[in-house]
Amino acid sequence: DQQVKQNSPSLSVQEGRISILNCDYTNSMFDYFLWYKKYPAEGPTFLISISSIKDKNEDGRFTVFLNKSAKHLSLHIVPSQPGDSAVYFCAARYQGGKLIFGQGTELSVKP
Amino acid sequence: NAGVTQTPKFQVLKTGQSMTLQCAQDMNHNSMYWYRQDPGMGLRLIYYSASEGTTDKGEVPNGYNVSRLNKREFSLRLESAAPSQTSVYFCASSDWGLAPKNNEQFFGPGTRLTVL
């Protein structure tokens, strides 16, 4: 039973355009949601997070939106750059610190 | 600071062999985690240690054991490796706290394990 789902395995966008990565979850008890970025042969690195009591959090080119009624969150990257090409994982926090990860979406930003 | 380090980077085992994956962190974090990453499955928690001296099962603990040797080190042992344990293994650490930054997990570079 996948509690956190990223239904798009891959996404390709042009440099300078917006990238939108989506994530759905089923458990209303999650209290924080996080996005991690992963380059090949490296471990994931933290990108941005949002509390379940907020609907938007922004950090530079990265904005995360949370729609609690739909149990859906999205990561917007504007403008997209070739260096953003990586696998992006969404994760949901439960039980005081453990994370459940989605399957990941591979983003390719083409020059 | 090296952050989270893992050894070895690569390993090939035969079915039934045993091995221990090592992990160390130098950030003075209380909590440490072991994940496996498989294609199409994301990262799944194998075991975690909320603090020195404690360990608990995650989503997929079968076939693994762990030891929290001290605050810095958390090892993962495969007693009798099986082909289904072919995966990339990541160790992570985090501090305590309720703010999201305090629950940010820092990951090591991973160990790529193949079981033949």
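A:Lys71 sits in the loop between β7 and β8 of chain A, where helices (H or I, at least four residues) and strands (E, at least two) are DSSP runs numbered from the N terminus. This lysine has a positive phi of about 50 degrees although it is not a glycine. With 27% relative accessibility, A:Lys71 counts as partly exposed; buried means under 20% relative accessible area, exposed over 50%, and partly exposed in between, for a 1.4 Å probe and protein chains only.

A word on how to read these values: this is a predicted model, in which local features need pLDDT of at least 70, side-chain atom pairs count only at pLDDT 80 or more, and totals for chains, interfaces and linings use all residues. Residues are numbered from 1 along each chain as its sequence is written, chains are lettered from A and ligands numbered from 1 in the order in which they are written, and side-chain values use heavy atoms, with hydrogens and water left out.

Chain B has a residue with positive phi to look at as well. B:Asn28 is not a glycine, yet its phi is positive, about 60 degrees. You will find B:Asn28 in the loop between β3 (19-25) and β4 of chain B, and it is exposed, with a relative accessible area of 53%.

Now to the strands of chain A. Five of them form an open sheet in the order β1-β3-β8-β7-β6, with antiparallel pairing; two strands pair if DSSP finds at least two bridges between them. β1 (4-5) and β6 (56-59) of chain A stand at the edges, each with a single partner strand, so one side of each has no neighbour in the sheet. Within this sheet, β3 (residues 19-25) and β8 (residues 72-77) of chain A run antiparallel and are joined by six bridges. A:Cys23 stands opposite A:Leu73 in β8(A).

A:Leu73 also belongs to the largest nonpolar core, which has 25 residues. Such a core is a set of buried Ala, Val, Leu, Ile, Met, Phe, Trp, Tyr and Cys residues joined through side-chain atoms within 4.5 Å. Among the residues with the most contacts inside it are A:Phe30, A:Trp35, A:Leu73 and A:Tyr88. The largest share of this core, five residues, comes from β9(A). In soluble globular proteins, nonpolar side chains tend to be buried together. Leaving out residues up to four places away in sequence, A:Leu73 touches several residues, including A:Leu21, A:Cys23, A:Phe33 and A:Val64; contact means heavy atoms within 4.5 Å.

A:Ser52 lies in the loop between β5 and β6 of chain A and is buried, with a relative accessible area of 12%. Apart from neighbours within four places in sequence, A:Ser52 is in contact with A:Phe30, A:Asp31, A:Phe33, A:Leu66 and A:Lys68.

A second, separate core of 19 residues includes B:Leu13, B:Trp34, B:Tyr64 and B:Ala81. B:Leu13 is in strand β2 of chain B and counts as buried at 5% relative accessibility. The C-alpha atoms of B:Leu13 and B:Leu113 are separated by 7.6 Å, with the two 100 residues apart along the chain.

Elsewhere in chain B, five of the seven residues of β3(B) are buried, so this strand is largely enclosed by the rest of the structure. β3(B) is joined to β1(B) by four bridges, the two running antiparallel, and B:Thr5 stands opposite B:Ala24 in β3(B). β3(B) also pairs with β8 (residues 74-78) of chain B in the antiparallel sense over three bridges.

Finally, the largest pocket has a volume of about 660 Å³. On a 1 Å grid over the protein atoms alone, a pocket is an open set of points where a 1.4 Å probe fits, with protein on both sides within 12 Å along at least five of seven lines, and lining residues have an atom within 4 Å of a point. Its volume is the space filled by probe spheres set on the points, which are joined across faces, edges and corners. Of the 33 lining residues, A:Lys38, A:Ala41, B:Gln37, B:Val88 and B:Arg112 lie nearest the centre of the pocket. β11(B) gives the largest share of the lining, four residues.
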